Amino acid sequence: MNLRSLLTILTSLTLFSSLSWGRDKGGLFVEPGITYQASDAKISYPAPITAQSDASNNGFGAMARLGFHISESFFLAADGRYSMATFEDSNNNFNSDSEVYNIAPVLGVQMSEIGLRIWGSAILAGEMDPAETNGVDLLFSEARGYRIGAGFRLFSLSINLEYEDLSYQRSEVSGNLAFFTGPTSDLKLDTESYILSVSFPLEL
């Protein structure tokens with residue numbers, strides 16, 4: 001399923017929800033939360049390093065949304081994520097802490113009668129910055145991708161599970177890779193993640 005198909009489904013659900021649950025007043029909301037992310041990654045290195053290397057990036061983080069909901073049936077928000085994870089690439093002996101952030105608009109449907117929420121996000125920007133290890137310092141930027149998720153809400157508590165697909169379009173290398181340093185688009189990182197979170201949607 002691509003992002004356009006997801007948005008079409010969400011829009012259809014939104015129209016159905018609006019007809020089904022009436023004219024309840026909407027408004028602004030904030031939604032802070034705590035996340036745990038488990039990511040599988042593939043790094044495409046230029047020669048002479050391994051052509052493609054499997055990696056992982058797992059750890060806890062924080063999320064925050066700011067947006068509005070209409071008729072208690074759908075919501076639109078800006079979504080920011082930050083995590084401090086452990087980045088491992090056994091093929092090239094990397095093991096370090098990494099900071100990850102990304103930002104995305106979110107469109108979602110909420111079915112208040114049963115507490116179910118479904119949403120999709122288009123990730124527009126982000127970075128992954130592993131700490132220097134073995135004399136090599138990497139920075140991945142220009143993240144692009146999507147995130148889809150579902151959650152169950154009870155009052156001001158929501159338990160959520162999301163799938164995230166990201167590609168970092170640009171990287172910067174410094175340190176011991178003397179033949180390959182500076183900004184480049186030849187070193188790429190693709191990640192697939194599952195994110196479990198507990199969030200606290202609060203109406204303003």
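**Figure 1. Lining of the second largest cavity.** By class, 3 nonpolar, 2 polar and 4 charged residues line the second largest cavity of this predicted model. Ala, Val, Leu, Ile, Met, Phe, Trp, Tyr, Cys and Pro count as nonpolar, Asp, Glu, Lys and Arg as charged, and the others, Gly among them, as polar. The lining residues are F29, E31, H69, F75, Q110, R117, R153, P201 and E203, and the volume is about 60 Å³. A cavity is a set of points on a 1 Å grid over the protein atoms alone where a 1.4 Å probe fits but cannot get out, and a lining residue has an atom within 4 Å of a point. Points are joined across faces, edges and corners, and the volume is the space filled by probe spheres set on them. Residues are numbered from 1 along each chain as its sequence is written, and side-chain values use heavy atoms, with hydrogens and water left out. Local features need pLDDT of at least 70 and side-chain atom pairs 80 or more, while totals for chains, interfaces and linings use all residues.

**Figure 2. Salt bridge between E31 and R117.** Two of the residues that line the second largest cavity, E31 and R117, form a salt bridge with their closest N and O atoms 2.7 Å apart. A salt bridge is a side-chain nitrogen of Lys or Arg within 4 Å of a carboxyl oxygen of Asp or Glu. E31 lies in strand β1 and R117 in strand β5, so the pair ties together parts that are 86 residues apart in sequence. Strands (E, at least two residues) and helices (H or I, at least four) are DSSP runs, numbered from the N terminus. E31 counts as buried because its relative accessibility is 0%. R117 is buried as well, at 2%. Buried means under 20% relative accessible area, exposed over 50%, and partly exposed in between (1.4 Å probe, protein chains only).

Figure 3. The side chains of D79 and R81 meet in a salt bridge, at 2.8 Å from N to O. D79 is buried, with a relative accessible area of 2%, and R81 is buried at 9%. A network of salt bridges links D79 and R81 with E31, R65, R117, R147, E162 and E164. The structure as a whole holds 10 salt bridges. Side chains of opposite charge can pair when their charged atoms come close.

**Figure 4. Salt bridge between D54 and K42.** The closest N and O atoms of D54 and K42 are 2.8 Å apart. D54 is in strand β2 (residues 52-70) and K42 in strand β1, so the pair links distant parts of the chain, 12 residues apart. Neither end is buried: D54 counts as partly exposed at 46% relative accessibility, and K42 as partly exposed at 37%.

**Figure 5. The largest cavity.** The largest cavity has a volume of about 120 Å³. Of its 17 lining residues, the closest to its centre are Q37, R81, S83, V100 and N102. At least two lining residues come from each of β1, β3 (74-89), β4, β8 and β10. The lining has 6 nonpolar, 8 polar and 3 charged residues. A search of the whole structure finds 3 cavities of 30 Å³ or more.

**Figure 6. The largest pocket.** About 190 Å³ of space lies in the largest pocket. A pocket is an open set of grid points with protein on both sides within 12 Å along at least five of seven lines. E72, Q110, M111, S112, G115, L116, R117, R153, L154 and F155 form its lining. The elements that give two or more of these residues are β4 (94-111), β5 (116-123) and β7 (136-154). By class, the lining divides into 4 nonpolar, 3 polar and 3 charged residues. Q110, R117 and R153 line the second largest cavity too.

Figure 7. F155, one of the pocket-lining residues, has a positive phi of about 55° although it is not a glycine. F155 is found in the loop between β7 and β8 and is exposed, with a relative accessible area of 71%. E142, also not a glycine, has a positive phi of about 55°. E142 is found in strand β7 and counts as partly exposed at 38% relative accessibility. Most residues other than glycine have a negative phi.

**Figure 8. Overview of the chain.** The protein chain has 1 helix and 11 strands. From the N terminus on, the elements run α-β-β-β-β-β-β-β-β-β-β-β. Of the 204 residues in the chain, 45% are buried.
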